[in-house]
Amino acid sequence: MGNDFRELIKGKEKQELKREFPPFFVFEESGDFIAGTVSNPREIETEYGIQKLVTVTTREGEAYTVGLTAQLAPLYNMNGREVVVVYRGLEKLKGKGRYIKRFEIYV
């Protein structure tokens, strides 16, 4: 097959690619937050194992996917509830060189 795709697409309609799920909300700095209604709890398989996710839709109608850490796990069972999730920053684990993200959930 040649390098020129133009002949192959003649007369065909361009199909827009749509995301299956909303973009991820990224908590970067302490104080970052998302507020909205939780929906669509789901699991996906990643190279690291099963990852639980939910969608949070703001009052303005913007939807975001939120990956659930151990602290955010309660969101998985809050389908239909309005929440505020606040990122409180990294905390060093005692006796280890690792850090975990700390969150607060308000219902």
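I looked up Glu7 first: at 55% relative accessibility, Glu7 counts as exposed. Here buried means under 20% relative accessible area, exposed over 50%, and partly exposed in between, with a 1.4 Å probe and protein chains only. I checked its partner next. The side chains of Glu7 and Lys10 meet in a salt bridge, 3.0 Å from N to O. Lys10 is exposed as well, at 56% relative accessibility. I counted a salt bridge where a side-chain nitrogen of Lys or Arg lies within 4 Å of a carboxyl oxygen of Asp or Glu.

**Ground rules**

I am working on a predicted model, where local features need pLDDT of at least 70, side-chain atom pairs count only at pLDDT 80 or more, and totals for chains, interfaces and linings use all residues. Residues are numbered from 1 along each chain as its sequence is written, and side-chain values use heavy atoms, with hydrogens and water left out.

**Confidence**

I read the pLDDT, the predictor's confidence in each residue from 0 to 100. The chain averages 90, and 93% of the residues score at least 70. I then went through the elements. Helix α1 (residues 6-9) has the lowest mean pLDDT, 80. Strand β3 (residues 63-67) has the highest, 97. Helices (H or I, at least four residues) and strands (E, at least two) are DSSP runs, numbered from the N terminus.

**Nonpolar patch**

I found Phe5, Leu8 and Ile9 forming a nonpolar patch on the surface. Together they have about 310 Å² of accessible area. Areas come from the Shrake-Rupley method with a 1.4 Å probe, and for residues only the protein chains shown count as cover. A patch takes residues with over 30% relative accessible area and no salt bridge; like charges are joined within 9 Å, and nonpolar side chains (Val, Leu, Ile, Met, Phe, Trp, Tyr) within 5 Å. Ile9 sits in helix α1. Its relative accessible area is 44%, so Ile9 is partly exposed.

**Salt bridges across the chain**

How many salt bridges does the structure hold? I get five. I followed two more of them.

Glu82 and Arg59 meet through their side chains at 2.7 Å, N to O. Glu82 lies in strand β4 and Arg59 in the loop between β2 and β3, so this pair ties together parts that are 23 residues apart in sequence. Glu82 is partly exposed, with a relative accessible area of 41%. Arg59 is exposed, at 73%.

Glu91 and Arg102 form another salt bridge, 3.0 Å from N to O. This pair links distant parts of the chain, with Glu91 in strand β4 and Arg102 in strand β5 (residues 99-106), 11 residues apart. Both ends are partly exposed: Glu91 has 35% relative accessibility, and Arg102 has 24%.

In soluble globular proteins, nonpolar side chains tend to be buried together.

**Single residues**

I stopped at Asn40. Asn40 has a positive phi of about 50° although it is not a glycine. It belongs to strand β1. Its relative accessible area is 37%, so Asn40 is partly exposed.

I went on to Pro23, in the loop between α1 and β1. At 32% relative accessibility, Pro23 is partly exposed. Pro23 touches Ala63, Tyr64 and Thr65, not counting residues up to four places away in sequence. I also checked Glu43: its C-alpha is 16 Å from that of Pro23, and the two are 20 residues apart along the chain.

Last, I looked at Ile100 in strand β5. Ile100 is partly exposed, with a relative accessible area of 26%. Which residues does Ile100 contact, leaving aside its neighbours within four places in sequence? I found Gly89, Leu90, Glu91 and Leu93.

Notes. Contact means heavy atoms within 4.5 Å.
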